[in-house]
Amino acid sequence: MRRVGVVSLGLIGGSVARRLVAAGVEVHAWNPSLPALEAAAADGVVPARTIAELCAAEPDVLLLAPPLRAMADIAHEVAAHVRGGTVVTDAGSVKGAVARVVREAGLAARFVGAHPMAGTEQAGYAASDATLLDGARWALTLEDDTRLDAFCRVAQLVTGPLGGVVRVTTPAVHDEAVALVSHVPHVVASELLRLVGGSDHADLALALAAGSFRDGTRVAGTHPRRTEAMVTDNAAAVAPVLRRAAADLVALAERLEAGAPVGSFFDDAAAVRAGARVAGPDDARTTLALDPATWQAELLARPTSLVVGADERTRTLTLTTP
């Protein structure tokens, strides 16, 4: 990987840039605000004054990491200037909406959707950290016209200098999965704080709050507009989960009021946590040579496999399976 471009140096874009610089990769970046770009330049990033200038550097991979609300404008600007063999990827927390704007912009032929499952409630380049992505699980998404060479290049970047591992999926399945483990938890964290804020005993409750409340509400420290964009862009997956959660809680409340047993509510949750065994990077490894005619079906038929290595030149992946 000779050169990587980054659009927007926020928490994720900045962390990617910092890690790649530390790994000896040439990183070019553009950011809408000059102070962050100047700070990144001091850290070894090559600053670009415009997206056109960034694209002119012809990075091997160009990562789009702006806020979701800015993705459409960024995608169209990139489409107007990207050239050569640059492969475009992103770091958006919703994949269906991003895939649509990328296709509308005319970037689909060189695009591979990505989402690193890493982050904090903080934002901006100052909050970024070269170690944030250590061992992170990335989703890479496939569409019918995703190119094999483009996929391998992004997978090689993620599992190589970015130090991550990959689960392969589709935009729709990704969005349904992250609604469960990311988007709805953000909503629930906000609701816990709203419950306290609306109570007559808010001052005492907050004074007594300890670890469980702190952990349960941490992600509600994310900027409200960022969370709003995430859940609205994934509304089709988030809304049904919220309705199911609301129904479960109403049923629990009714059983509590009736003095009925409620043990199964907590037992079911404990069983899910205890049985959460997924493939890890230390599991036994196999090498998969990707057939250009069948590679997508082959990967999607392995939903529990983890990609821990990739080689664009040979079109091979290293996989682990639980």
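I began with the salt-bridge network: Arg103, Glu143 and Asp145 are linked in it. I note that this is a predicted model. I then looked up the total, and the structure holds 16 salt bridges.

Next I checked Asp60. It pairs with Arg2 in a salt bridge, with the closest N and O atoms 3.3 Å apart.

I moved on to Glu26 and Arg3. Their side chains form a salt bridge at 2.7 Å, N to O. This pair also links distant parts of the chain: Glu26 lies in strand S2 (residues 26-30) and Arg3 in strand S1, 23 residues apart. Glu26 is partly exposed, at 34% relative accessible area. Arg3 is buried, at 18%.

Then I looked at helix H7 (residues 171-197), where Glu191 and Arg194 lie 3 residues apart, about one turn of the helix. Their side chains meet in a salt bridge at 3.2 Å, N to O. Glu191 is partly exposed at 35% relative accessibility, while Arg194 is exposed at 62%.

Last, I took helix H6 (residues 148-159). H6 has 12 residues and spans 16 Å from first C-alpha to last, close to the 16 Å expected. How many of its residues are buried? I found 10 of the 12, so I logged H6 as mostly covered. Among the buried ones are Phe151, Cys152 and Arg153.

Technical notes. Residues numbered from 1 in each chain as written. Predicted model: local features only at pLDDT ≥ 70, side-chain atom pairs only at ≥ 80, totals over all residues. Heavy atoms only, no water. Helix = DSSP H or I, 4+ residues; strand = E, 2+ residues; numbered from the N terminus. Expected span 1.5 Å × (residues − 1). Buried < 20%, exposed > 50% of the residue type's maximum accessible area, 1.4 Å probe, protein only. Salt bridge = Lys/Arg side-chain N within 4 Å of Asp/Glu carboxyl O.
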